[in-house]
Amino acid sequence: MTSAREGARTAGSTKEEMMTEHSTDTNGAALDFLSDFRTMSTFGATPAGGVERQAATTEDGQTRRFLADWFDRHGFTTKVDSVGNMYGLKEFVPGSPYVLVGSHLDSQPSAGRFDGAYGVLAAAYAALDVAERIDHGSLTPRFNVAAVNWFNEEGARFAPSLMGSGVYIGKFDADDTLKLTDRNGITVREALSAIGFHGEDEPPTAVSYAELHIEQGPVLERENIAIGIVTANWAARKYTISVHGEQSHTGATHIAQRHDALVGASRVVLAVRELTSMFPAEMVLGSVAQFDVEPKVAGVVPSKVTMAVDVRSSDADTLEKAHAQLLEAIAEINTDGEVHVEIGSSALRPSTSYQSEGIELAERVAQDLGLTHRRMLTMAGHDSVNLKDIVPTVMLFVPSVDGISHNERELTYDADLVTGVEMLSETVARMVRGDIPAPARD
């Protein structure tokens, strides 16, 4: 595929020979990709140019059917496992494991059309490109390849996030996951069955994994860099916090007698925000993402508020200090006596590194393609954060305009989309060829 890159390097190595012998009409492939991406973006489209297709909704089902049809048209074997993960398989070496490459199709409410979905379609095109190279004799495979759409990465409809990939790596139990419910009491099993994607297929065995994503931050655009190569994820703590007060009459209860859960909850919200000012700039992020008030009626002082709190840092020790500061703030609120704040759950997602062999492979590919690149951390969570716990994993970024994400104004330019697919295709080709060996198994 063509891209906006300049000054492609040629060194006459085997890597470059493999690329130059590839005879696919790359300009045509780029146009096909952009056309397919525009079509895919119509499913769940919002008036402001974004999408809304939360996991296992009708709109998610429409997008999944588009992907399954694409797999069928291009000679992939489609499999769906019990928690709705979709795999488009190309088998070249019977009995060999698979290089998995993918992302997710589900979105947040009123979200951008690039987050996740771009990486899924790019994965499909990368896998197809690998298959065509093998057909043309310019690539000798050691492993097979499968494009993947992971279920419920966002965690918007069902909690927790990174659900499908979490089941794949054994972090979550499949049967327990299928019993989880959304706010309307619909289980994961029921929702997947309703859209026809509660499968029974065994998932392919992974030898390695690659994922392409928009950055969801301003760094690459600000520095005019084409490709980000992720080295580690930010550490994150996610809490479910309940604030307990006492229901009373807003017009007849004196302030001194009130136990207002909403006032106490507001103090928690401010405490989370204030955490970010206690550390060097951009070291800590904190937010309250969900906020449920009971009873939600006029004329009544709220008796309970439940919220989802997210605190992150690029440094594990700093995150633990922020955690301690939050606990102190909650203890102070409890000491005042108006309300009782309870932490229902606290989950730590530690900062862990992507394997060096994947990072170094991606750097070689970017250099061979003449693409500017840099190492960087991912502030957001991705399915690759799970996959790297079991296999060597490559995580790639392309620029996001103004760093905007989880917003209908989310944007990545066509030239950057195409460059990312080119980068991913070459990376996956080398992974299929065996440039990242199979990890030793017990």
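**Exercise 1.** Across which strands does helix H13 lie, and at about what angle does helix H13 run to S5?

*Solution.* The model is a predicted one. Begin with the sheet, in which eight strands follow the order S1-S2-S4-S3-S5-S14-S6-S13 with mixed pairing, the sheet being open. Its edge strands are S1 (77-80) and S13 (373-378), each of which pairs on one side only. Next, place the helix: H13 (residues 414-433) lies across S3, S4, S5 (206-214), S6 and S14, and runs at about 170 degrees to S5.

**Exercise 2.** Determine in which sense strands S3 and S4 pair, and over how many bridges.

*Solution.* Strand S3 covers residues 98-103 and strand S4 residues 144-149, and the two pair in the parallel sense over six bridges. As one example of a partner, Gly-102 is bridged to Val-148 in S4.

**Exercise 3.** Classify the aromatic pair of Phe-43 and Phe-66, and decide whether each residue is buried or exposed.

*Solution.* The ring centres lie 5.8 Å apart, within the 6.5 Å limit for a pair. Phe-43 has 19% relative accessibility and Phe-66 has 11%, so both fall under the 20% cut-off and count as buried.

**Exercise 4.** Explain why the pair of Trp-150 and Tyr-209 is edge-to-face.

*Solution.* The centres of the two rings are 6.1 Å apart and the planes stand at 65 degrees, which is over 60, so the pair is edge-to-face. Trp-150 belongs to the loop between S4 and helix H5 (163-168), whereas Tyr-209 belongs to strand S5, 59 residues apart. Both Trp-150 and Tyr-209 are buried.

Key: Residues numbered from 1 in each chain as written. Predicted model: local features only at pLDDT ≥ 70, side-chain atom pairs only at ≥ 80, totals over all residues. Heavy atoms only, no water. Pairing = 2+ DSSP bridges. Helix = DSSP H or I, 4+ residues; strand = E, 2+ residues; numbered from the N terminus. Contact = heavy atoms within 4.5 Å. Axes fitted to C-alpha atoms, helices over the stretch in contact; angles between N-to-C directions. Phe/Tyr/Trp six-rings, centres within 6.5 Å; stacked < 30°, edge-to-face > 60°. Buried < 20%, exposed > 50% of the residue type's maximum accessible area, 1.4 Å probe, protein only.
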